[in-house]
Every structure is written in structure tokens, then in C-alpha cells.
Amino acid sequence: MLRCPICIAAGLRSVVRDIRFTNPKLKRDHFWDEEGVEHFHDPSVIVTEYECSNGHHFAERSSWQCHVCGYRACEAVLLVDGKEVVTDPSAAESPCPPQ
Ligand SMILES: [Zn+2]
Ligand SMILES: [Zn+2]
């Protein structure tokens, strides 16, 4: 789920597109568990920049999520004008740190 935080605050609706993301320095942890199931865990923090159909720009710090077990190294943090915006209280436990 991703919606423009500026539109949410203004009560607007919009379509969001990603326009750019930083090339993460992959520190991948790729392994097969005791059951032989493949996991892809990566602690790298990625910054993705987004633009909404109302012309707002915002960014997100996040990490890859393992498609098998759902593991992710840290929780996504939205950034508006470089400031962190808390939209998901569960992210407060392990927010993705600045790179
Ligand atoms: Zn917007
Ligand atoms: Zn996994």
C-alpha cells in the first residue's frame, strides 16, 4: 500500500508513480533454509522517489522484503521535503535508518 502522504493530509486522491531509486549496495543474504526453501534477505536501505498525479514529490526509505517469509531488515519510512512522516505506527519499532 502506498498513497501520497501530502494528498492524504489534504484529503485528495492521486495516482503515485516511482520516478527513481538509489542503486542499493547489495549486502544480500541469499540462503536455503532447513526445508530447502529459498530466502532472499537484504539489509540494504533503498531510497525511492515518487511523484503523484497532483504533482507532489515524496520519497521512501525501505528495504527489500523476502517473498517467502516476509522478512525485511527495517520498516519503510516516508519522507516529505526530507522530513520523516509517520504513517504506519508499526514502522516505529525498526524504521529504516538514513544511508
Ligand atoms: Zn499528492
Ligand atoms: Zn525469508
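**Briefing: a hairpin and its surroundings**

In the hairpin formed by β2 and β3, where five residues lie between the strands, G36 adopts a positive phi near 85°. Strands (E, at least two residues), like helices (H or I, at least four residues), are DSSP runs numbered from the N terminus. This is a predicted model, in which local features need pLDDT of at least 70 and side-chain atom pairs count only at pLDDT 80 or more, while totals for chains, interfaces and linings use all residues. Residues are numbered from 1 along each chain as its sequence is written, and chains are lettered from A and ligands numbered from 1 in the order in which they are written.

**The β2–β3 pair**
- Strand β2 (residues 29-32) and strand β3 (residues 38-41) run antiparallel and are joined by four bridges, where pairing requires that DSSP finds at least two bridges between two strands.
- Within this pair, H30 has F40 of β3 standing opposite.

**The whole protein**
- The protein contains one helix and seven strands, and along the sequence these follow the pattern α-β-β-β-β-β-β-β.
- Along its principal axes, the C-alpha trace spans about 50 × 25 × 20 Å.
- Of the 99 residues, 12% count as buried, a term for residues with 20 or more other C-beta atoms within 10 Å of their own, whereas exposed residues have 12 or fewer and partly exposed ones lie in between, with C-beta atoms placed from the backbone.

**Residue E93**
- E93 is located in the segment after β7 (83-85), and this residue counts as exposed because it has 8 C-beta neighbours inside 10 Å.
- Although E93 and C74 are 19 residues apart in sequence, their C-alpha atoms are 8.7 Å apart in space.
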